[in-house]
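Hello,

Here is the structure I promised to hand over. Please look it over, then read the notes below.

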Amino acid sequence: MNRVIYMDNNATTRVADEVAEAMRPYLTERYGNPSSMHTFGGQVAGDIACAREQVAALLGCHPEEILFTSCGTESDNTAIKGTLASYPDKRKIVTTRVEHPAVLSTCRDLERHGYSVSEIAVDREGRLDLDELGFRMDDNTAIVSVMWANNETGTVFPIDEVARIVKERGIVFHTDAVQAVGKIPINLADTPIDLLSLAGHKLHAPKGIGVLYVRKGTRLGTFMHGGHQEGGRRGGTENVPGIIALGKACELARRYMDEENTRVRALRDRLEQKILASCPDCMVNGDVENRLPNTLNVSFEYIEGEAILLMLDKFGICASSGSACTSGSLEPSHVLRAMGVPFTAAHGSIRFSLSRYNTEQEVDFVAEKLPAVVQRLRELSPFVKTA
Ligand code: PLP
């Protein structure tokens with residue numbers, strides 16, 4: 001079967017046709033260096049300025065507050081390490097247990113270099129304990145980093161409230177919004193966030209382009225020494241096609257967000273209802289009231305998520321699981337463990353993440369194939385008691 005049913009959009013997305021079209025001339029015709037003195041390069045600099053405006057319009061901020069980077073990981077690293085470098089007297093970072101490794105591994109590495117890291121817990125639905133956030137911060141805290149939306153469960157944190165609590169204490173606030181941007185409305189004019197990370201490939205732009213939003217007045221020095229690009233903070237010739245593509249992807253996200261979310265949410269809900277109705281012993285993980293419209297994380301008791309994925313793969317269905325199977329340890333996801341999801345359920349978790357390119361027929365195909373896959377694996381499972 002050649003058909004691919006792609007429901008792994010939290011991992012990466014296909015580049016939108018309009019985006020591919022917008023970036024193409026910058027590979028072949030408009031290839032000038034934006035720093036060059038000649039008109040040919042100067043035109044490209046003007047086009048980058050337009051793309052910066054398109055990104056700023058989606059986020060509700062000023063174009064000068066947008067710094068182009070290479071990916072979400074670079075933005076997260078820069079936000080955290082750059083802030084620590086700007087506040088050398090402060091040695092503590094507050095974050096959560098459910099962050100992406102781009103934040104958590106960075107913090108753990110910093111811990112090995114003498115910083116102290118405090119991780120806030122979540123409850124069984126993956127919700128943040130805001131009281132705990134209050135008492136984890138102290139005078140030694142340089143930065144608080146809390147993700148906007150969780151990549152595994154889709155749980156959306158109340159970032160407005162979190163930002164306000166942190167800013168009342170005068171501490172720098174960073175949010176990893178890699179999964180939120182393009183999926184839910186964001187308005188930085190109303191929310192006191194200092195630093196925000198996003199990645200183009202999660203919103204139908206190509207891989208290799210990201211953004212770090214830096215609110216005007218936030219202390220963050222040069223993080224890549226070299227030329228004067230990105231206001232002197234990140235030297236290096238710009239990824240022009242990527243920047244143009246991201247601008248276009250942001251324009252499309254802004255234009256279609258409401259309409260698409262209604263449709264994508266309905267598809268996700270349809271998939272969820274069909275799975276719950278047809279597969280016994282399964283449950284939805286995450287805060288179902290406050291969840292990204294495209295994400296569904298389901299646990300199937302007594303079977304391995306990886307085994308489900310392999311069998312779905314035979315039908316051309318692409319989804320993902322949270323276990324670190326590549327390490328050979330089959331460790332369940334740190335997010336589900338932090339939520340206290342039982343071992344037998346955490347191992348059997350699958351994430352379906354949809355996009356505007358999915359159809360009702362695809363949802364119905366997945367919902368039709370899945371029950372037999374689950375039943376077959378349970379017949380083989382040593383954990384299932386036979387009557
Ligand atoms: N943060 C979150 C929440 C993510 O989901 C991801 C990627 O999946 C990243 C950061 C890292 O982004 P990138 O792969 O662009 O470095």
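Thr73, Asp176, Gln179, His201 and Lys202 come nearest among the 13 residues around the ligand (a residue is near if one of its heavy atoms lies within 4 Å). This is a predicted model: local features need pLDDT of at least 70, side-chain atom pairs count only at pLDDT 80 or more, and totals for chains, interfaces and linings use all residues. Numbering runs from 1 along each chain as its sequence is written, and side-chain values use heavy atoms, with hydrogens and water left out.

By class, the shell holds 4 nonpolar, 6 polar and 3 charged residues. Nonpolar means Ala, Val, Leu, Ile, Met, Phe, Trp, Tyr, Cys and Pro; charged means Asp, Glu, Lys and Arg; the others, Gly among them, are polar. Helix 4 (residues 72–86) gives the largest share of the shell, 3 residues. Helices are DSSP runs (H or I, at least four residues), numbered from the N terminus.

**Polar contacts**

These are pairs of N or O atoms within 3.5 Å. A ligand oxygen lies 2.5 Å from a side-chain N or O atom of Thr73. For the side chain of Gln179, the distance to a ligand oxygen is 2.8 Å. Gly72 uses a backbone N or O atom, 3.0 Å from an oxygen of the ligand. The protein covers 87% of the 390 Å² of accessible area that the ligand has on its own (Shrake-Rupley method, 1.4 Å probe).

Best wishes

Technical notes: Polar contact = N/O pair within 3.5 Å; in protein donor to acceptor, adjacent residues only side chain to side chain. Helix = DSSP H or I, 4+ residues; strand = E, 2+ residues; numbered from the N terminus.
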